[in-house]
Amino acid sequence: MLALRGRMNVDTYFHYRLFDPQLSADAKRRYLSEAPRENARLWAALTPVRYRCLYENKLVFNQYFSSLGLPLAVMFGVFDPEVGRSMDGQSLRTEAELREFIRRFRRDGFVFKPAEGIQGHQIVVLTGAAADDLDAFLSLSGERYDAAALVAVARDTAALELQNPQSNFSSFLLEERIRPHPELAELIGPTLCCVRIVTVVALDGSPKIVASVYKLQPKPVGVDHLIYGALGCWVDPDTGALGPGRSRSGYESTSVIPGTGRSFVGYRLPCWNQVKEVVLQAAAAFPWARGIGWDIGISDRGPVIIEGNARWSPSLVQLPAPRGLMDGELKAVYDALRYSPVRSKA
């Protein structure tokens, strides 16, 4: 009946285990839906469309938040056939220009990703040049990419067009590769796994953390999205300790890193207090966006803001959560904003 009314998808009902007889009706109502209409209503209330460019264009996002002294990856340039340019003014419009430019990153590598990407599509993480060909770069899994291969990635926009049809498909960013904290690299592997932290700017104007989930990706794929096999693990807000994880492929929780026998439950994320400080500073930096899902990488130099999502996924957070999110500060802000005459015009 929920699905027929457009209130919740069938798979979401089972992923949240709403069939559990121990859940009260009130507890079930606190779960945010993943139905498109419900998501759109949530996002419109918390962050109106007129503010979303700051979060959806990753160059704008990087330049704004880094200008405030917050920790982000260093931006190298934008590859675009019409307006591509490096941050130091070099043209980046052709394959030949791209080939010449990336030679400066042979030692440390770089990240190549859509300027307005979504769900990790077309992100390529490169570790450095191959020993036998200085114009070819190796991914975390050992795949080879030269300038021609990167241009081919930039032209294969089918996934972007399907998932984010209003986005700019032609612009790709080149930015610093952020390495995971040594403890996390030893525990999980080379992929930079982020904490997804949902914040709200409360009714008193102060930023608050609503929930946190660590995206655990043991595969050397360079992206930590659950659609690529990662687990979402609940994070204790006080200690940074990981709880059981969930994937999008099953309804049961797990306590071990996929492909290993190692348990992660109880493991405390390094730099947890600094992570919380950074995300609250970021939330306060643009308070008109009242609800954002932040991806914070815990790197070898501390917390780094990877991105902020105005259209954040409720299911990513609620899959491993011990409760639904429509409660407390989030509910208070949402209830106040959804009927606001100013917001209704957004």
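Residues are numbered from 1 along each chain as its sequence is written, and side-chain values use heavy atoms, with hydrogens and water left out. Because the model is predicted, local features need pLDDT of at least 70 and side-chain atom pairs count only at pLDDT 80 or more, while totals for chains, interfaces and linings use all residues.

**Aromatic pairs**

Rings of Phe, Tyr and Trp (its six-membered ring) pair if their centres lie within 6.5 Å; planes under 30 degrees apart are stacked, over 60 edge-to-face, and the rest tilted. This rule gives 21 aromatic pairs. Two of them are described here, starting with Tyr 51 and Phe 286, an edge-to-face pair.

| Pair | Centre distance | Plane angle | Class |
|---|---|---|---|
| Tyr 51 and Phe 286 | 5.6 Å | 75° | edge-to-face |
| Tyr 55 and Phe 65 | 6.1 Å | 45° | tilted |

Helices (H or I, at least four residues) and strands (E, at least two) are DSSP runs, numbered from the N terminus. Tyr 51 sits in the loop between α3 (36-46) and α4 (53-56). Phe 286 sits in the loop between α10 (272-285) and β12 (291-299). Their pair links distant parts of the chain, 235 residues apart. Tyr 55 lies in α4 and Phe 65 in α5 (residues 58-67), so their pair ties together parts 10 residues apart in sequence.

Buried means under 20% relative accessible area, exposed over 50%, and partly exposed in between (1.4 Å probe, protein chains only). Phe 286 is buried at 15%. Tyr 55 is buried at 2%, and Phe 65 at 0%. Ring pairs join these residues into a cluster that also includes Phe 61, Tyr 64, Trp 288 and Trp 294.

**Helices α6 and α7**

The axes of α6 (residues 95-102) and α7 (residues 147-155) come within 9 Å and cross at roughly 120°. Axes are lines fitted to C-alpha atoms, for helices over the stretch in contact, with angles from 0 to 180 degrees between N-to-C directions. The helices are oblique to each other; under 35 degrees would be roughly parallel, over 145 roughly antiparallel, and 65 to 115 roughly perpendicular.

Contact means heavy atoms within 4.5 Å. From α6, Glu 95, Leu 98, Arg 99 and Ile 102 take part. From α7, Ala 147, Ala 148, Leu 150 and Val 151 do.

**Leu 203**

Leu 203 is in the loop between β8 (194-201) and β9 (207-216). Leu 203 is exposed, at 55% relative accessibility. Beyond neighbours within four places in sequence, Leu 203 contacts Arg 290, Ala 332, Val 333 and Ala 336.
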